[in-house]
Amino acid sequence: MKHLTIATGALLASVAFTTLAQAQTTLSMWYHGAGNEGEATVLNQIITDFNASQGDWKVELQSFPQAAYNDSVVAGALAGNLPDILDVDGPVMPNWAWAGYMQPLQIDETKIANFLPGPRGMWDGKLYSIGLWDAAVSIVTRQSTLDELKLRTPTLDAPWTLEEFNGALEAAKASGKFEYAFDPGMAWTGEWYPYAFSPLLQSFGGDIVDRSTYKTAEGALNGDAAMAFGAWWQGLFTNGYAQATQDPADRDNGFAAGKYAFSWNGNWAALGALTAFDDTVFLPAPDFGAGAKIGAASWQFGVSAKSQHPNGASAFIEFALQDKYLADFANTTGLIPATASAAAMTDNYKEGGPLAVYYDMTNANALVRPVTPGYVVQAKVFEKALADIANGADVAATLDAATDEINADIEKNGGYGH
Amino acid sequence: MASQFLKSNRTGWLMAGPAAFLIGMFIILPFVFAIILSFTNQRLISPNPTEFTGLSNYRQLLSVATLTLDPIKDAAGVMQKAADGTLEYPAIRSFTRGNPDFAHLAGMREWFSFGWGESRTYVLARDVVFLTALVNTFIFVLVVAPVQGALALGLALLINQKMRGINVFRTIYFMPVVVSIVVVSLLWRFIYDGDSGLLNNLLGAISFGAIPRVDWLGNPNTALGAIMAMSIWQAVGFHMVIWLSGLQTISPTLYEAGAIEGATKWQSFRYITWPGLKNTAILVLIVITMQAFAVFAQIDVMTNGGPLDSTQTIVFQAIERGYGKQDISGGSTISVILFVLVLSISLFQRWITRERP
């Protein structure tokens, strides 16, 4: 009898639910953050608020684990089965837009005028995706280390030069107090390599691909500047400043355990570093000749090409762009809010907040990864080249081979629409 | 005659039907696709139309060329020597990049080289990574097939006896087979860790620190060997069970007769056990060979083909290209090459182990 009551109750509830929903058109949405409770809470809050705020649309969320997300979207697209709203990693967006998986957003550009450049997903002159946050990378170290090694504290206006940076590594190595002077994060294989290391190449004056045409990597990835970068990169390992293969546990805890003097790490790890040492400082990227650079663009929201209701999907994304949600996300994930006004609403990024320096860094030094559909392949080629050089491969031959592979791929794809 | 065959076997066909359908749908059909795609420029994601490109994918993968160079001589004709006393040769780069006199070498890369008197011959390849993967896979098969087969036979002989608690041993040896290869690979990554890994600690303890720490997976000289050792350990239990089933089909009366004749242990193994295991041996050999050619998960979890391509394998490259680099045609081409290799090797194995009249 009790079971029957519950079943009837459930039935009634679901009937009531569907009647209520009939007035609203359902918009499906895919998100990459399955298993991340903090993100899910904020996102669900946005969806609940949006569904309650108007009578036309009702967003339904489906979450995927990040590792399987891109494959799921590709598989869904091949099966003609994409949701209305999807989220996309910034550098991957041009690939999906070019392949016809996404359509431009119906959001007025004045609405995002105050956004950082990284979170704006532009392709072919149109806005395809927009992010609520960005990420930044810095040199993490301790004030006491800088004092002890008698190093100048670099600033955004006067970052370390190549000589100063190398001098800092040498001084840290000579002090004998650290297992390795520098922790570039070799354990984080995958997107970390192009995200964190291609700005170093760009600071030397090279690039993954020639951005003036996007038709070739010749000269960008194997020119003089790239060769200088390659030699310097290999030197990090042959000089014993860094280790070419790293235990993932050391990546996570090595700095806190005092193994490394300097760690090249993202703002998402900054709170941990602050907990480890009171005097942790976040130094801006060095300038190797062509200006200090750090990567930009994180996960962003977009609308799938096959969506029947792009106006509703865009309405939801526009709704999510409110400062309070940007601040909520930043507070739960530690990522950088996309606007200055949202940053002021957070504990970490407000004026004088412990991570406020990251907002300034991304504002000053951010450079998005190459905006081309070929980036997906170019990122893999770049990652392998850097790993090989770190392991002792010949610099010129490796960069030449990487250049050839990227060029062959561009050619095979008819120039990727550039 | 054929219709008679089909009719009288109607029940048989009915029972085989579901399996035949599934194999057709999910193995044969995709494979036919792979063959077709290998002659096109099909991409995983692309708005561009697919075009037939003939054999270009195969040419891209398999092209090799040689280049023989004389040492650099100065104006007086004296050969230049590097700081370490070796002869210096012109940079390969000056021939393979933008050199119209060597247009056929454009875009090629040094695979390996060997000295030939004073001159030096360079073997250049268009796709060094794939050829390295091919060689690595062959090394992997040539080591794993005999070693794993022999170890499995040894274990099977050990546990093929009536003894209390023998099932405990059987379970222990079989356990790694039941655990997912991904989990096993993750665990062995910790074991092989260059810093605080179990293996380094163990070697250090038994040698009182005399054996230096080795970064097993980070060193190009040890990475493939480390993966081979782990792979052999992981699947040895499976083949042990197959050997065991073969052992148990041998009639005990043969051993009794042998014992009465005064056969030694070695003799009864050589003249009773081994001939009785012939068909099992063929099965084990072919299965291990095929499995070893398909080595993928270990590589994907433990090394990603690195360091310096020392653990690239054929299947890893097929998947890396097809999905990672969105080049379905390239991945398909590698799969077809692998299929031809495995098929010819299996046929060869079948032929040398055939029944001789």
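In chain B, 61% of the contacts between residues at least 6 apart in sequence join residues at least 24 apart, a contact being two residues whose C-beta atoms, placed from the backbone, lie within 7 Å. This is a predicted model, where local features need pLDDT of at least 70, side-chain atom pairs count only at pLDDT 80 or more, and totals for chains, interfaces and linings use all residues. Residues are numbered from 1 along each chain as its sequence is written, while chains are lettered from A and ligands numbered from 1 in the order in which they are written.

Chain B has 15 helices and 3 strands; these are DSSP runs, numbered from the N terminus, with helices being H or I of at least four residues and strands E of at least two. The C-alpha trace of chain B spans about 85 × 70 × 45 Å along its principal axes. Of its 357 residues, 30% count as buried, meaning that 20 or more other C-beta atoms lie within 10 Å of the residue's own.

Now two loop residues. Most residues other than glycine have a negative phi. L308(B), not a glycine, has a positive phi of about 50 degrees, and sits in the loop between α13 (297-302) and α14 (314-324) of chain B. Q326(B), also not a glycine, has a positive phi of about 60 degrees, in the loop between α14 and α15 (328-352). L308(B) is buried, with 20 other C-beta atoms within 10 Å; Q326(B) is buried, with 24.

Last, chain A. There, G230(A), W233(A), Q234(A) and F237(A) in α8(A) meet L386(A), I389(A) and A390(A) in α15(A).

Definitions and conventions
Buried ≥ 20, exposed ≤ 12 C-beta atoms within 10 Å, placed from the backbone.
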